[in-house]
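The sequence and the structure are shown first.

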Amino acid sequence: MKLLVLNGPNLNLLGTREPDVYGNETLDDVEAALRSSFPDVEFSFRQDNGEGALIDLLHTAHERGLDGVVFNPGGYTHTSVALRDAVSAIDPPVVEVHLSNVHAREAFRHKSYIAPVCAGQIAGLGTTGYHLAVRYFLDA
Ligand code: DQA
């Protein structure tokens, strides 16, 4: 099972960024916990702040033989038709993950351009959401 865990803008600041909203764990902590919980999964972890770079990474899904993508698109969730089109364009299923409960926050965070073309969305469960997304791919 080959999975890409892809994180979008500002998620490189996890651990120090608004810890009351996003918690104290860093992206490195998330990676270490996933690797330790799922030793048989072949993970790649990428983070980028740029919309185009995230699109390019999604486009590599086929040549990398990915079985799925766990994707936190950050703020682009609520703005990006181009990222939605990239998710639609690739074969492997994508699960959208948000640390915070976007539906309980500002109205502009209630809409996701990406979720309708994903296998599903997990929001509000903190870093556990990444683990649940991996679990989904293992059970699917
Ligand atoms: C986020 C939610 C987004 O609304 C926000 O812009 C982020 C993080 C989350 O993980 O809760 O950058 O995707």
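The model is predicted; local features require pLDDT of at least 70, side-chain atom pairs count only at pLDDT 80 or more, and totals for chains, interfaces and linings use all residues. Residues are numbered from 1 along each chain as its sequence is written, and side-chain values use heavy atoms, with hydrogens and water left out.

**Nonpolar cores**

A nonpolar core is here a set of buried Ala, Val, Leu, Ile, Met, Phe, Trp, Tyr and Cys residues joined through side-chain atoms within 4.5 Å. Buried denotes under 20% relative accessible area, exposed over 50%, and partly exposed the range in between, with a 1.4 Å probe and protein chains only. The largest nonpolar core has 21 residues, of which Val5, Leu14, Leu34, Phe43, Val70, Tyr130 and Val134 touch the most other members. At least two residues of this core come from each of β1 (2-7), α2 (27-37), β2 (42-47), β4 (94-98) and α5 (128-139). The largest share, four residues, is supplied by α5. Helices (H or I, at least four residues) and strands (E, at least two) are DSSP runs numbered from the N terminus.

Leucine 34 touches Val5, Phe43, Phe45, Tyr130, His131 and Val134, residues up to four places away in sequence not being counted; contact means heavy atoms within 4.5 Å. Another core, of 18 residues, lies apart from the largest one and includes Leu4, Ile55, Ile90 and Val94. In soluble globular proteins, nonpolar side chains tend to be buried together.

**Helix α5**

The twelve residues of α5 reach 16 Å from the first C-alpha to the last, close to the 16 Å expected at 1.5 Å a residue; the expected span is 1.5 Å times one less than the number of residues. Buried in α5 are Gly129, Tyr130, His131, Ala133, Val134 and Phe137. These buried residues pack against β1, α2, β2, β3 (68-72), β4 and β5 (120-123).

**Ligand site**

Surrounding the ligand are Arg17, Tyr22, Asn72, Gly74, Gly75, His78, His98, Leu99, Ser100, Val102 and Arg109, each with a heavy atom within 4 Å of it.

| Residue | Part of the residue | Distance to a ligand oxygen atom |
|---|---|---|
| Asparagine 72 | N or O atom in the side chain | 2.8 Å |
| Glycine 75 | polar backbone atom | 3.2 Å |
| Histidine 78 | polar side-chain atom | 2.7 Å |

A polar contact is a pair of N or O atoms within 3.5 Å; within protein, one must be able to donate a hydrogen and the other to accept it, and residues adjacent in sequence count only if both atoms are side-chain atoms. On its own the ligand has 320 Å² of accessible area, of which the protein covers 98%. Accessible areas come from the Shrake-Rupley method with a 1.4 Å probe, and for residues only the protein chains shown count as cover.

Asparagine 72 lies in strand β3 and, at a relative accessible area of 3%, is buried. Its side chain reaches the backbone oxygen of valine 97 at 3.4 Å. Beyond its neighbours within four places in sequence, asparagine 72 contacts Leu6, Asn7, Gly8, Leu11, Val97, His98, Leu99 and Tyr130.

Serine 100 is in the loop between β4 and β5 and is buried, with a relative accessible area of 7%. The side chains of serine 100 and arginine 105 make a polar contact of 2.9 Å. With neighbours within four places in sequence left aside, serine 100 is in contact with Val21, Tyr22, Arg105, Ala123 and Gly124.

**Other loop residues**

Alanine 115 is also placed in the loop between β4 and β5 and counts as partly exposed because its relative accessibility is 21%. Outside four places in sequence, alanine 115 touches Glu96 and Gln121.

Proline 92, in the loop between α4 (81-89) and β4, is buried at 8% relative accessible area. Leaving aside neighbours within four places in sequence, proline 92 contacts Ala61, Leu66, Asp67 and Gly68.

The loop between β1 and α1 (19-22) holds asparagine 10, whose phi is near 75°, a positive value in a residue other than glycine. Glutamate 18 is placed in the loop between β1 and α1 and has a positive phi of about 35° although it is not a glycine.
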